Amino acid sequence: MSPSIDFTAISADAVAAHNLSIAHRLMSGAGSASLLAFRLAPEDPCSGLAHGLTTSGQFVVAAYRDPEAAATTAADGQPIEVRVDLVKGSPEPSVRLVTATVHLVGTLTWLDPDEAFLMLVQGDLPPRVGEIAENPDGRVGVVEAGRVVLRDSLGATPIDLDTLIQADHCPRACDAVYPDADQEWDAYDLTASVDQMYLRRICHAVDEGSIAGAVCWRRPSTHYCEHTIGRVFLADIDRTGVTLMSVQPDETISAFAAFRHPATTLDDLAVQLSCLIEDSIPVH
């Protein structure tokens with residue numbers, strides 16, 4: 001890529017695609033889920049749920065019936081108003097980073113056991129939701145909402161739920177969820193194997209405008225542990241790009257670097273990382 005290219009429009013499209021991708025990943029089962037039945041039990045949040053999208057695009061949650069969690073004991077077929085919070089952490093083991101959160105307010109309706117069993121045997125349920133559905137104390141609920149709000153280091157982004165469902169059913173490979181929960185560690189290992197010098201170059205090339213993407217934030221390097229100074233950490237990786245955090249003695253910067261083309265496999269990811277390295281090398 002030539003450094004003379006104006007990346008403004010490219011970066012705007014890349015960030016929009018990234019927002020949709022990460023929201024889609026969280027709704028599809030990434031991260032951890034909790035819900036609050038704010039009218040039924042406003043001081044009784046329910047955590048430890050499984051969640052995801054069914055094959056027909058419904059957002060579902062699964063939990064074990066718990067007398068101490070009022071939301072899990074509501075009657076089958078009785079809609080209750082809930083707030084659902086999805087939290088995605090970084091795969092980076094060296095530091096603790098929250099990559100993004102998704103929030104939605106809607107109605108939760110627990111399915112009766114026969115309905116849940118039918119969806120299970122037909123293969124409609126996400127794997128982790130299905131695991132709970134197989135247990136006699138497990139319950140599966142459908143959450144209906146009009147939109148979700150994604151919050152990440154680039155700000156807050158409202159997204160219509162229909163938009164995410166359409167992405168889930170789009171036949172184009174570039175709209176597939178990647179990486180899913182089972183692929184994330186391989187994707188992390190591959191990215192973490194890139195030399196720190198190149199990761200630093202990628203991060204700062206975004207800052208200089210020679211790679212499409214966006215600077216998420218920058219701040220003085222204060223209150224960091226000594227072993228983190230000079231390191232670059234992987235905050236997130238998905239089909240649209242990588243988000244890096246470069247900790248330098250004076251300043252820490254987080255940047256999203258967009259891929260030239262979406263990555264949907266580990267081989268794709270290797271190619272796109274190589275392209276980022278190539279694009280980050282200064283042209284003399």
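Select F59 first: leaving out residues up to four places away in sequence, F59 touches M27, H51, G52, L53, V84, L86, L104, G141, V142 and V143, where a contact means heavy atoms within 4.5 Å. You are looking at a predicted model, in which local features need pLDDT of at least 70, side-chain atom pairs count only at pLDDT 80 or more, and totals for chains, interfaces and linings use all residues. Numbering runs from 1 along each chain as its sequence is written, and side-chain values use heavy atoms, with hydrogens and water left out.

Together with F59, they have the most contacts inside the largest nonpolar core, a set of 32 residues. Such a core consists of buried Ala, Val, Leu, Ile, Met, Phe, Trp, Tyr and Cys residues joined through side-chain atoms within 4.5 Å; buried means under 20% relative accessible area, exposed over 50%, and partly exposed in between, using a 1.4 Å probe and protein chains only. Colour β5 (98–110) next, one of the elements giving two or more residues to this core; β5 supplies its largest share, 5 residues. Helices (H or I, at least four residues) and strands (E, at least two) are DSSP runs, numbered from the N terminus.

Then jump to C203, V232, L234 and I253, which are among the 24 residues of a second, separate core.

F117 counts as exposed because its relative accessibility is 54%.

Finally, zoom out: the chain has 7 helices and 12 strands, and its C-alpha trace spans about 70 × 45 × 30 Å along the principal axes. Buried residues make up 47% of the 284.
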